[in-house]
Amino acid sequence: MNSKALPETFMRGGAEALLASLKEARGYDWIGIYVKKGDYLELALELGGTASHRKIRVGEGICGMAAKARQTVVVQDVEQEPNYLACFPDTRSELVVPILGPGQEVLGEIDVDDDQMGRFGLEEREELEQAASLLSQDWEKIKPNLFSNSYGAASPAEGPK
Ligand code: SME
């Protein structure tokens, strides 16, 4: 994907289109956005299946590690990562990139799972970091819609209060 493709997709179709285009272009198994609420990350949008871990405490799992460190975490072999929380039996590698606000605070994360070991190289990482930066720039507009779109992950009981 060229570097302009993501901003254009995002401008036209918002967060869902952005994720769908990344998933399709790379053939990832699953991609989602978690939103940080207090000490937890809540799954707000997902494509490619229904993940079992929908609310993750900061510091726990790969998602929680990335939020705590405020840095991208790439796990090339999830079986070697003791903190890994399994969502899908086939997943072998995972990348989590935090969506950071203007003060470097964590707003949420993009999480990607794939069934191929070592799936995430520098190119994939930079592309997903670019996507996180696009989401961050428009976060206040995106956030209210995340839980209520057609891919809506959270059930009403788990949705925003
Ligand atoms: N594997 C993640 C949990 C989320 S699912 O992969 C979608 C983790 O260890 O935090």
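Me: Two strands pair if DSSP finds at least two bridges between them. What makes strand 5 and strand 6 a pair, then?

Reply: This is a predicted model. In it, eight bridges join strand 5 (residues 93-100) to strand 6 (residues 106-114). The cut-off is at least two, so strand 5 and strand 6 pair. The two strands run antiparallel. Another places Glu94 opposite Asp113 of strand 6.

Me: What lies between strand 5 and strand 6?

Reply: Five residues separate them, and the two strands form a hairpin. Gln104 sits in that turn, with a positive phi of about 65°.

Me: Why is Gln104 called partly exposed?

Reply: Its relative accessible area is 45%. Buried needs under 20%, and exposed needs over 50%. The value for Gln104 falls in between, so the label is partly exposed.

Me: Which other residue has a positive phi without being glycine?

Reply: Arg70 does, with phi near 55°. Arg70 follows helix 2. That places Arg70 in the loop between helix 2 (61-69) and strand 4 (73-75).

Me: How do you know whether Arg70 is buried, partly exposed or exposed?

Reply: Set its relative accessibility, 45%, against the limits.

Me: How do you know where strand 1 pairs?

Reply: Count the bridges again. Six join strand 1 (residues 30-37) to strand 6. Pairing takes at least two, so strand 1 and strand 6 qualify. They run antiparallel. Trp30 stands opposite Asp113 in strand 6, and Ile31 faces Val112 there.

Me: What about strand 4 and strand 5, and how many bridges join them?

Reply: Three bridges link these antiparallel strands. That meets the requirement of at least two, so strand 4 and strand 5 pair as well. In strand 5, Leu95 is the residue opposite Val74.

Me: What order do the strands of the sheet take?

Reply: The order is 3-2-1-6-5-4, in an open sheet of six strands with antiparallel pairing. The twist averages 20° from one strand to the next.

Me: Why do strand 3 and strand 4 count as edges?

Reply: Each has a single partner strand. One side of each is therefore left without a neighbour in the sheet.

Me: Why is strand 6 called mostly covered?

Reply: Nine of its nine residues are buried. Each is therefore under 20% relative accessible area. Strand 5 is also mostly covered, with seven of its eight residues buried.

Me: What does helix 2 pack on?

Reply: Helix 2 packs on the sheet. It touches strand 1, strand 2, strand 3, strand 4, strand 5 and strand 6. The direction of helix 2 makes about 35° with that of strand 5. The buried residues of helix 2 pack against these strands. Among them are Gly61, Cys63 and Ala66.

Me: Why is Ile62 called buried?

Reply: Ile62, in helix 2, has a relative accessible area of 2%. Buried means under 20%, so Ile62 is buried. Leaving out residues up to four places away in sequence, Ile62 touches Val73, Val75, Glu81, Asn83, Tyr84, Glu94 and Val96.

Me: Why is helix 1 called roughly antiparallel to helix 3?

Reply: Helix 1 (residues 5-26) and helix 3 (residues 122-137) pack at an angle of about 150°. An angle over 145 degrees counts as roughly antiparallel, so helix 1 is roughly antiparallel to helix 3. Their axes lie 11 Å apart. The crossing is left-handed.

Me: What kinds of residue make the contact of helix 1 with helix 3?

Reply: They divide into ten nonpolar, one polar and four charged. Helix 1 contributes residues including Leu6, Phe10, Leu18 and Arg26. From helix 3 come Glu123, Leu128, Gln130 and Leu135, among others.

Definitions and conventions: Residues numbered from 1 in each chain as written. Predicted model: local features only at pLDDT ≥ 70, side-chain atom pairs only at ≥ 80, totals over all residues. Heavy atoms only, no water. Axes fitted to C-alpha atoms, helices over the stretch in contact; angles between N-to-C directions. Helix = DSSP H or I, 4+ residues; strand = E, 2+ residues; numbered from the N terminus. Parallel < 35°, antiparallel > 145°, perpendicular 65-115°, else oblique. Left-handed = near helix turned anticlockwise from the far one by under 90°. Contact = heavy atoms within 4.5 Å. Nonpolar A, V, L, I, M, F, W, Y, C, P; charged D, E, K, R; others polar. Buried < 20%, exposed > 50% of the residue type's maximum accessible area, 1.4 Å probe, protein only.
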